[in-house]
Amino acid sequence: MVGGLRSGIEPLGEVRDNVEIFQDQIAGTASKLLGFTFKTNHPVGDDIRTIVK
């Protein structure tokens, strides 16, 4: 389960789509929401598009 709280995030309520979210997407998404660029030396997933636009 992933939740996003901050200004600019559209309130969607509980989303029941067939969207898979993986652990390797969390750090990059959180970094982007905080205004940072997530850099690593190993592959990671894309940002979670329903939270970061």
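Which residues form a nonpolar patch on the surface? The patch consists of Val-19, Ile-21 and Ile-26, which together have about 230 Å² of accessible area. Accessible areas come from the Shrake-Rupley method with a 1.4 Å probe, and for residues only the protein chains shown count as cover. Patches are made of residues with over 30% relative accessible area and no salt bridge, with nonpolar side chains (Val, Leu, Ile, Met, Phe, Trp, Tyr) joined within 5 Å and like charges within 9 Å.

The model is predicted: local features need pLDDT of at least 70, side-chain atom pairs count only at pLDDT 80 or more, and totals for chains, interfaces and linings use all residues. Residues are numbered from 1 along each chain as its sequence is written, and side-chain values use heavy atoms, with hydrogens and water left out.

The chain contains one helix and zero strands. Helices (H or I, at least four residues) and strands (E, at least two) are DSSP runs, numbered from the N terminus. Of the 53 residues in the chain, 15% are buried; buried means under 20% relative accessible area, exposed over 50%, and partly exposed in between (1.4 Å probe, protein chains only). The chain exposes about 4800 Å², of which carbon and sulfur atoms supply 51%.

Ile-26 counts as partly exposed because its relative accessibility is 35%. Within helix 1, the buried residues include Gly-28, Thr-29 and Ser-31. They cover an arc of only 165 degrees around the axis, which puts them on the same side of helix 1; the arc is that of the directions from the helix axis to the C-beta atoms. An α-helix has 3.6 residues a turn, so residues three or four places apart point the same way.

Leaving aside neighbours within four places in sequence, Thr-29 is in contact (heavy atoms within 4.5 Å) with Asp-47, Ile-48, Ile-51 and Val-52. Gly-28 counts as buried at 13% relative accessibility. With residues up to four places away in sequence not counted, Gly-28 touches Phe-38 and Asp-47. The C-alpha atoms of Gly-28 and Phe-38 are separated by 5.4 Å, although the two residues are 10 apart along the chain.

Asp-47 also forms a salt bridge with Lys-32, and their closest N and O atoms are 3.5 Å apart. Asp-47 lies in the segment after helix 1 and Lys-32 in helix 1, so the pair ties together parts that are 15 residues apart in sequence. A salt bridge is a side-chain nitrogen of Lys or Arg within 4 Å of a carboxyl oxygen of Asp or Glu, and by this rule the count comes to one. Both partners are partly exposed: Asp-47 has a relative accessible area of 21%, and Lys-32 one of 45%.

In the segment before helix 1 is Gln-25, which counts as buried at 11% relative accessibility. The side chain of Gln-25 reaches the backbone nitrogen of Phe-22 at 2.7 Å. Beyond neighbours within four places in sequence, Gln-25 is in contact with Glu-20, Gly-45, Asp-46, Asp-47 and Ile-48.

Note on methods. A polar contact is a pair of N or O atoms within 3.5 Å; within protein, one must be able to donate a hydrogen and the other to accept it, and residues adjacent in sequence count only if both atoms are side-chain atoms.
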